[in-house]
Amino acid sequence: KNSRSNQFIVSLQANPRLAGGSPWEVPWGELVGPHSFTTLSKIYTGYGEKGPSQGKLRRQGTSLEVQESFPLLDYIISCSIMDESEGNTAS
């Protein structure tokens with residue numbers, strides 16, 4: 001049975017516990033430049049630890065129940081891989 005799942009964690013401050021200290025924690029990106037931090041500051045963080053559980057999101061995704069229970073929850077609807085050497089978006 002496929003029992004693996006993923007979590008996308010954004011640390012809003014230095015946090016050694018979430019900095020890839022375990023083999024299964026792999027940092028894969030960083031915010032660079034003021035525009036990145038402007039975008040990050042727009043993500044709603046008011047739910048804190050009282051937001052939807054990882055299990056609920058895995059089972060229900062963006063169900064109507066999740067949307068109604070957490071109306072301020074933000075969603076990532078797209079992302080791009082940037083070619084750092086050229087500054088262009090890779091496909």
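**Figure 1. Overview of the predicted protein chain.** The protein chain exposes about 8,500 Å², and carbon and sulfur atoms supply 53% of that area. The model is predicted, with an average pLDDT of 78 over the protein chain. A score of at least 70 is reached by 73% of the residues. The protein chain holds three helices and two strands, which follow the pattern α-α-α-β-β along the sequence. Among these elements, helix α3 (residues 64-69) has the highest mean pLDDT, 94, and strand β2 (residues 88-90) has the lowest, 48. Of the 91 residues in the protein chain, 10% are buried. Among contacts between residues at least 6 apart in sequence, 34% join residues at least 24 apart.

**Figure 2. Close-up of the salt bridge between Glu 65 and Lys 56.** The count for the model is one salt bridge. It joins the side chains of Lys 56 and Glu 65, with a distance of 2.9 Å from N to O. This pair counts as a salt bridge because 2.9 Å lies within the 4 Å cut-off. Lys 56 is part of helix α2 (residues 54-60). The two partners fall into separate accessibility classes: Lys 56 has a relative accessibility of 18% and is therefore buried, whereas Glu 65, at 41%, is partly exposed. With neighbours within four places in sequence left aside, the contacts of Lys 56 are Gly 61, Glu 65 and Val 66.

Figure 3. The model has two aromatic pairs. In one of them, the ring centres of Tyr 44 and Tyr 47 are 5.0 Å apart and the planes stand at 80 degrees, so the arrangement is edge-to-face. Tyr 44 has a relative accessibility of 38% and so counts as partly exposed. Tyr 47 also pairs with Phe 70, again edge-to-face, at 5.2 Å from centre to centre and with 85 degrees between the planes. This pair links distant parts of the chain, 23 residues apart. Tyr 47 sits in the loop between α1 and α2, and Phe 70 in the loop between α3 and β1 (81-83). Tyr 47 and Phe 70 are both buried. The ring pairs join Tyr 44, Tyr 47 and Phe 70 into a cluster.

**Figure 4. Close-up of the nonpolar surface patch that includes Val 10.** Phe 8, Val 10, Trp 28 and Ile 76 make a nonpolar surface patch of about 480 Å². Val 10 lies in the segment before α1. Its relative accessibility is 36%, so Val 10 counts as partly exposed.

Figure 5. Glu 30 counts as exposed because its relative accessibility is 70%, whereas Val 10, at 36%, counts as partly exposed.

Key: Residues are numbered from 1 along each chain as its sequence is written. Side-chain values use heavy atoms; hydrogens and water are left out. Buried means under 20% relative accessible area, exposed over 50%, partly exposed in between (1.4 Å probe, protein chains only). Helices (H or I, at least four residues) and strands (E, at least two) are DSSP runs, numbered from the N terminus. Contact means heavy atoms within 4.5 Å. pLDDT is the predictor's confidence in each residue, from 0 to 100. Accessible areas come from the Shrake-Rupley method with a 1.4 Å probe; for residues, only the protein chains shown count as cover. Patches are made of residues with over 30% relative accessible area and no salt bridge: like charges are joined within 9 Å, nonpolar side chains (Val, Leu, Ile, Met, Phe, Trp, Tyr) within 5 Å. Rings of Phe, Tyr and Trp (its six-membered ring) pair if their centres lie within 6.5 Å; planes under 30 degrees apart count as stacked, over 60 as edge-to-face and the rest as tilted.
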